[in-house]
Amino acid sequence: MIKGKKKDAKKKDAKKDGKKAAVEKSEESLGTPTDSNLTTLGDLRSDSLGEETPAIPEAPDEEPEVEEPPAPPVTPFHEEPVLAQVIIESYEGEQVDEFYEGEGFICFEGGNTYKGLFSEGRMNGEGTYTWADGVKYEGTFVKNVPTHCGRYTWNDGTVYEGSIQDGLRHGYGIFRSGTHPIFYTGFWCNGKRHGKGTIYFDQEQTSWYAGDWVNNVREGWGFRRYRSGNTYFGQWKKNLRHGHGKMIWLKDKQEYEGEWQCGLQHGSGMHTWFLKRMEMSKYSLLNEYAGNFVKGERHGHGTFLYSDGTMYSGEWAHNKKHGKGIFVSKNGVCFEGEFENDCPVERPARQGSAVKAKKLRATSPRRHFERTSVVNAVGKISVLGSDIDLDVSTLLAFFPREDRENESQKIELAVLRHISKLRKAYYFYSTLGCASSDSTCSMTMLQFWRFLKDCNFHLCSVTLAEIDRLLRGDQSPKDIHDPSDILLFRTFVCYLVHLAFHIYHEKCKDEVPHLQKCFLEMMSRNVLPSACCVQGILYSGGEFSSFAMNYLEKCWEIYEDFCRPCPRPPFDSTVKLRQFLWMLDDFKLLSEQLTAPRVLEIFVKVGASVPGIYGVSLELEMIFLEFFESLLECALVYVTEDMILKKEAQDNKKRSSFEIKELSKDTSAMSLTEHSPSQPPRPGEDTELAPQPSLLETLLSFPITPGESKDDVSLPNKDVKEEQDSCPEKELIDEAKEDKDEQKELCSFRMWQVEIFFTTKLFPAFEREIVLRDKIKEKKNQDAELAELRKIQAEELERLIAEKEEEEEARKQEAAALQESVRLREQASSSWETLLSWRSLQLKKEASKREPSPTKRGSRGSEPKAAPTGTKATADKKKKK
């Protein structure tokens, strides 16, 4: 870039600098051929304002229509401007040989300016380039080209800061819009979002996308969170959900996982609707559809499982049952045939029974379905009914092909023989711990574990954790031991068949039919003698069970925190007895009453361990039921009567202080009233309600031990007493009342113990443990950062020491070289002096050789003298003549 003000700058300075053409060529190669105006792109249109609309759940009788989501507006987006042509109007700054060098300020024709560093007549180094319309670039220039890193600022406040290549956003950078609450951080390529990146669509950062980008378009894998709280994780194509992905509608309580196409459910997938149960119930129900979708609608073959156990499997068309299918009601009534427009099509009646069928339809208010049975594992008609799909295909694989049909039929007959007892056991355990208002309950894994322990399955050389792996090993490791999972009755029966085979197949290996023998052995040994006889503390009483269930969720959180993965497949996580004992020790819960041997006795009591020859094995695994019941038993041992009385005294003290404050307020109000009797009382002055008692205060209202009741009932007189003593019916009533009071007192005492143990000991200790872990983690991070800083400082110190040593070494070498040069110089001078002295001696010797010595000249008197030279010699010669 040569200094000049004329437009023909190339021709004028071509002789002085041949680099001008290259400079202009580099500037012409900058960026994209656009100006600094806004360019509308479609990459943000589907996410800036719009939200996703979920599919509408289906009900057995009616189905509403699906609303289409509105089309969101288009959001603007900025692109980089182009540098101006190199036509210079003025320059202020440093120059070297008519080249711009150092710092300077330059104005181009058109109003663009640059202020920064120059080198060899070009913009090189840090500088600021401002376009005439106000767009600014601050950053690094290399040969007139913005490169490396910099910052673009547009007039509306839009900012980009990050990597730059050839004037374009390239590499990692951050973009923030000035007119819209859009913020992007991630990778760029040639001015477009490309690679991994995250974009936020609102100021609160509640709507965002994180994932893959291809040329400003969401494409690949990504996670999308919408402003409503809905989320999607899966594959994208052209800014739309396309491929496999999972969508969760938070407010509508729906979930879909499967194939997508152009933003709609298309292909195979599973849609789930989570339903809300009754107010007092802790269980949730769901509707579930698994099958084919076409453009967001259930279309093709699919299976819909309703929350009440009703099921439909067959063809669908536009979200309605249409075509061949099987409909199974919750009572086991099955209809198999044609469906049209969500309704079954009745089969044409035979000619002989047309009148009978007509009368039947006229007299019956309900449609009669044909009761059929489903097909079993070997392709035959099952005798169990449609609500029991006995899946024993994996067990039949152990038998020869010719024996499978017989085994399947025999096991179905064996199950049918005990079906009423199994239903009774299922509904009995499904109501444990539930409110009485729950008319329809489904068995959870927690209740199923209680059933297994009551039937002594854990004594058959297999733990409940191993039973979970056996029955639920096909699920994810996280869900294998989940106590809240629901078991339908068909799953309950199928689990028992599988369990019977794996426990008794060795004992009955020589008996045929094998599956039937194993199942009958299990029923006679385990289920029939012990089912519905609840053991353990959790379900010991209705009131206590409901009270203990309040701490179930928090204890599950503690259980998950102490879980450790199993080293063998399926790598599920459980808690061992040793870890439970360590947990009590870490939480400072071991005391004089709750000692380690007492904890081992609790393990045996709850069935978590069976004492062997060498005592209790602490390497056994605990499922959550054993974990929770062990905590309840520990609460009954740890909390003593003195602790309850102390807690009662503290609560009474707090209550009395509160009453004193209220009494002082009332007294002051009364004194004011006495001093001013003519003043009428304020309306509502005495209508303030007393504070409601807490849960502990309510429990305190029950006497702790029999005979401590505060109510002093006067004794009857002698005649009445004798009359009462002579009435056996009255005695029975009094005894029953006393037993009921004792049970109530015992229940209240246990509730006191559990309340104090969990709320004042266990849960605070766990919270302290979490805080301590966070502090330890933070301390480790700080130590790591400090170690890294010390490492950097040590490396810097070593570098400085090495540089200093190098400088010292260089200085020493320089001093040695200087000393050597001085020595050589001195040596040279001394040798020169020696040479001069030697030469002078040589000259003297030569001179002495020319002049004869006086002694020799005296002895030779006849020898003539040498003729003198010069004028004197000539004068002597003339005199002689």
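**Figure 1. Overview of the predicted chain.** Of the contacts in the chain with a separation of 6 or more, 45% join residues 24 or more positions apart. The model shown is predicted. Its chain holds 21 helices and 29 strands. Of the 881 residues, 37% are buried. Aromatic pairs number 65 in the structure.

**Figure 2. The crossing of helix 13 and helix 14.** Helix 13 spans residues 577-586, and helix 14 spans residues 596-606. Their axes come within 11 Å. The crossing angle is roughly 135°. Angles over 145 degrees would count as roughly antiparallel, and 65 to 115 as roughly perpendicular. The two helices are therefore oblique to each other. The crossing of helix 13 with helix 14 is right-handed.

**Figure 3. Side-by-side residues in the contact of helix 13 with helix 14.** Helix 13 contributes Leu577, Phe580, Leu581 and Leu584. These meet Ala596, Val599 and Phe603 of helix 14. The contact residues divide into seven nonpolar, no polar and no charged.

**Figure 4. The aromatic pair of Tyr232 and Trp236.** The rings of Tyr232 and Trp236 form an edge-to-face pair. Centre to centre, the distance is 5.2 Å. The planes stand at 85°. Tyr232 is buried, at a relative accessible area of 0%. Trp236 is buried too, at 4%.

**Figure 5. The aromatic pair of Phe335 and Phe339.** Ring centres of Phe335 and Phe339 lie 5.5 Å apart. Their planes meet at 85°, so this pair is edge-to-face. The cut-off for that class is over 60 degrees. Phe335 has a relative accessible area of 8% and is buried. For Phe339 the value is 4%, and this residue is buried as well.

**Figure 6. The cis peptide bond from Val512 to Pro513.** Most peptide bonds are trans. The bond from Val512 to Pro513 is cis. Its omega is near -5°. Pro513 sits in the loop between helix 9 and helix 10. Helix 9 covers 489-504, and helix 10 covers 514-530.

**Figure 7. The cis peptide bond from Pro569 to Pro570.** Here two prolines are joined by a cis bond, with omega near 5°. Pro570 is found in the loop between strand 27 and strand 28. Strand 27 runs over 564-565, and strand 28 over 573-576.

**Figure 8. Lys143, a residue with positive phi.** Most residues other than glycine have a negative phi. Lys143 is not a glycine, yet its phi is positive, at about 55°. The loop between strand 7 (136-142) and strand 8 (145-153) holds Lys143. Is Lys143 buried, partly exposed or exposed? Its relative accessibility is 49%, so Lys143 counts as partly exposed. The cut-off for exposed is over 50%.

**Figure 9. Asn341, a residue with positive phi.** Asn341 is not a glycine either, and its phi is positive, at about 55°. The residue lies in the loop between strand 23 and strand 24. Strand 23 spans 334-340, and strand 24 spans 343-345. Asn341 is partly exposed, with a relative accessible area of 47%.

Conventions: Residues are numbered from 1 along each chain as its sequence is written. This is a predicted model: local features need pLDDT of at least 70, side-chain atom pairs count only at pLDDT 80 or more; totals for chains, interfaces and linings use all residues. Side-chain values use heavy atoms; hydrogens and water are left out. Axes are lines fitted to C-alpha atoms, for helices over the stretch in contact, and angles run from 0 to 180 degrees between N-to-C directions. Helices (H or I, at least four residues) and strands (E, at least two) are DSSP runs, numbered from the N terminus. Angles under 35 degrees count as roughly parallel, over 145 as roughly antiparallel, 65 to 115 as roughly perpendicular and the rest as oblique. A crossing is left-handed if the near helix is turned anticlockwise from the far one by less than a right angle, and right-handed if clockwise. Contact means heavy atoms within 4.5 Å. Ala, Val, Leu, Ile, Met, Phe, Trp, Tyr, Cys and Pro count as nonpolar, Asp, Glu, Lys and Arg as charged, and the others, Gly among them, as polar. Rings of Phe, Tyr and Trp (its six-membered ring) pair if their centres lie within 6.5 Å; planes under 30 degrees apart count as stacked, over 60 as edge-to-face and the rest as tilted. Buried means under 20% relative accessible area, exposed over 50%, partly exposed in between (1.4 Å probe, protein chains only).
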